[in-house]
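Good morning, and thank you for coming. I would ask you to keep the structure in view while I speak.

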Number of protein chains: 2
Amino acid sequence: MIITKQNLLDTHKRIKDYIHRTPILSSQLINEMVGAEIYFKCENFQKMGAFKMRGASNAILQLSKTEKEFGVATHSSGNFAQALALAAKMQGIKAYIVMPSSAPEIKKAAVKGYGGEVIECEPNLKARESTLNDVVNKTGAVFLHPYNDYNVIQGQGTAAMELIEEHADLNCIFTPVGGGGLLAGTALAAHHFSPNTKVIAGEPMGADDAWQSFQKGEIVPQTNPNTIADGLLTSLGDKNFPIIKEHVEDIIRVEEEEIISAMRLIWERMKIVAEPSSAVALAALIKEKEKFQNQKIGIIISGGNVQLDKLPF
Amino acid sequence: MIITKQNLLDTHKRIKDYIHRTPILSSQLINEMVGAEIYFKCENFQKMGAFKMRGASNAILQLSKTEKEFGVATHSSGNFAQALALAAKMQGIKAYIVMPSSAPEIKKAAVKGYGGEVIECEPNLKARESTLNDVVNKTGAVFLHPYNDYNVIQGQGTAAMELIEEHADLNCIFTPVGGGGLLAGTALAAHHFSPNTKVIAGEPMGADDAWQSFQKGEIVPQTNPNTIADGLLTSLGDKNFPIIKEHVEDIIRVEEEEIISAMRLIWERMKIVAEPSSAVALAALIKEKEKFQNQKIGIIISGGNVQLDKLPF
């Protein structure tokens, strides 16, 4: 499928009453440290605390009236679970969320708080897929994939659209990469609305399937990821990888200490709560800052859902 | 001294190029929890991370050219130290900051980072005063008090002026109270620009000198304060107390757990980093929320300078 400029414009129009237009912040001190002019698109201030609300809203809004009657289902223990639950609630439909029984209670509670129905399964891939199948068969709900879905990808792209609308002349936009939905959406937004803007991803060294896939030219699945950036543990999908291959400039890998130190910088200097996954993008820029001196850079702060009693500092 | 409406308007005009006009945020979830419509004036996003930048800038801008040549001095281990250092640097003058030798290195480093000269003293009142006297005598610098100073009070009042300008019909504004500069400035701003808006302070039970003074009608000095709200340990001053007595509606005391829980709510739900002192104002509103149902409330988030490795959760 080719996602056109008009597709993205339609997507933004479709979801805009269901999402916040998030603020764009800057920090003089971080600019001086990096030697660049940085604009942070703060999706931590998005509804439910992450950009995932954009993709989830768009995917549900594309369902037919009949489909909506049976609700939606997904498997996720992260932000997409909450996003789908809230987006479904806002549109008055049911959301079934399959989560591993080992997921933190706070995450299950958050999904329930947004009105989602949590179905627990054993914490392994096979149980997750069979449980999801059971739910879909039993309820007739439509399965929505957290990132390997064109409607989700387009929804995620609207964050960069807003950033580009306010700062048309960015040299680069940095995002983190996990499953690839945000990165692919951002790359499409830059391609269509600011073709001179390069899109670059940050990825944890301990979960570098996107970097490996990018190097090899084919999807290398994630195995045994090990990183504090708990939103970036997933593998790329076959729908977003071709977009990433075509439109992304580079993927920069960062160490855990670099992630934690970028996260702390964001909290201390910008006074905002950002997830470790969000800090990966800034960490990547800092790591290779020599290449970006005096440039105008956008960074997508992907979310702010953090367990405050488990901080790395 | 009577501070007029015109004084406040002049103050805001004087300092506005030296400060940020900070954003005003809301949280639907917190509104639902409290049963009111709350507007948070986010001084944690102020330059150097706290409202103190307003008062410090105003006090320095009121100095004569000759006075400026010798610089300014103060004693503070908190936000006023950083604010005076930065405001002085922005105006190209020297700042001498007397700090107890026991102050955290991170706070001394922050003052130095803003170009201030740190002079250490023994951690007691007598040493602090004699060291400050020595500095003033030796350098000719002008002593600026962190809160018991009319120019400082007027500067602090500009946060509420901006809040009122954007939300004219507030029923109440809540602030924390420590030394009384922010509370007095806020009370004056409400008195002159929104006379129907009541001003209410939150104060930690473990440092309740303002509450005691307010009850008794005369200043009761703070002794042995004990609270996580480290910006609220000081006693009221003879310049701000009369303003507080005349224009403040109430002071509500809160327990430590109430402060920590309000702080956590701000961080988790608004995704911003706010100091414990800032959370005291929200904690006070939550404690007596029955009185404020369906009201439109302003809250001044006073600052965001927190030691991230010493969080209470």
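**A sheet in chain B**

In chain B, four strands make up an open sheet, ordered 5-4-3-6, and their pairing is parallel. At the edges lie strand 5 (117-121) and strand 6 (142-143) of chain B, each of which pairs on one side only. Please bear in mind throughout that this is a predicted model.

Let us look at one pair in this sheet. Strand 4 (residues 95-100) of chain B runs parallel to strand 5 of chain B, and five bridges join them. Within that pairing, B:Tyr96 stands opposite B:Glu117 of strand 5 of chain B. What packs on the sheet? Helix 5 (residues 79-90) of chain B does, touching strand 3 (72-75) and strand 4 of chain B. The direction of this helix makes about 165° with that of strand 4 of chain B. As a general point, the strands of a sheet pair through backbone hydrogen bonds, either parallel or antiparallel.

**Strand 10 of chain A**

I now turn to chain A. For residues 16-303 of chain A, an unreviewed UniProt entry lists "domain: Tryptophan synthase beta chain-like PALP". Over residues 16-303, chain A is 45% helix and 17% strand, and the end C-alpha atoms are 18 Å apart.

Strand 10 of chain A covers residues 296-301, and six of its six residues are buried. Which residues point which way from this strand? A:Lys296, A:Gly298 and A:Ile300 point one way, while A:Ile297, A:Ile299 and A:Ile301 point the other way. In a regular strand, the side chains alternate between the two faces of the sheet.

Strand 10 of chain A has parallel pairing with strand 2 (residues 37-42) of chain A, over six bridges. There, A:Glu37 is found opposite A:Lys296. Strand 10 of chain A also pairs in the parallel sense with strand 7 (residues 172-176) of chain A, over three bridges. In this second pairing, A:Ile297 is the bridge partner of A:Cys172.

**Two residues of chain A**

Strand 7 of chain A also holds A:Phe174. Is A:Phe174 buried or exposed? A:Phe174 counts as buried because its relative accessibility is 0%, and the cut-off for buried is under 20%. Beyond its neighbours within four places in sequence, A:Phe174 contacts several residues, including A:Ile297, A:Gly298, A:Ile299 and A:Ile300. Others in contact with A:Phe174 include A:Ile200, A:Ile252 and A:Phe292. Between A:Phe174 and A:Asn196 there are 14 Å in space, C-alpha to C-alpha, and the two are 22 residues apart in sequence.

The second residue is A:Asn79, which lies in helix 5 (residues 79-90) of chain A. A:Asn79 has 15% relative accessibility and therefore also counts as buried. Leaving out residues up to four places away in sequence, A:Asn79 touches A:Met48, A:Ala50, A:Lys52, A:Glu275 and A:Asn305.

**Two helices of chain A**

Two packed helices are described by the angle between their axes and the distance between the axes. Helix 1 (residues 5-15) and helix 9 (residues 181-193) of chain A pack at about 115°, and their axes are 10 Å apart. Their crossing is left-handed. Which residues meet there? From helix 1 of chain A come A:Lys5, A:Leu8 and A:Leu9, and from helix 9 of chain A come A:Leu188, A:Ala189, A:His192 and A:Phe193. By class, this contact between helix 1 and helix 9 of chain A has five nonpolar residues, one polar and one charged.

Thank you for your attention.

Key. Residues numbered from 1 in each chain as written. Chains lettered and ligands numbered in written order. Predicted model: local features only at pLDDT ≥ 70, side-chain atom pairs only at ≥ 80, totals over all residues. Heavy atoms only, no water. UniProt positions renumbered as here; feature names shortened; annotations may be inferred. Buried < 20%, exposed > 50% of the residue type's maximum accessible area, 1.4 Å probe, protein only. Pairing = 2+ DSSP bridges. Contact = heavy atoms within 4.5 Å. Axes fitted to C-alpha atoms, helices over the stretch in contact; angles between N-to-C directions. Left-handed = near helix turned anticlockwise from the far one by under 90°. Nonpolar A, V, L, I, M, F, W, Y, C, P; charged D, E, K, R; others polar.
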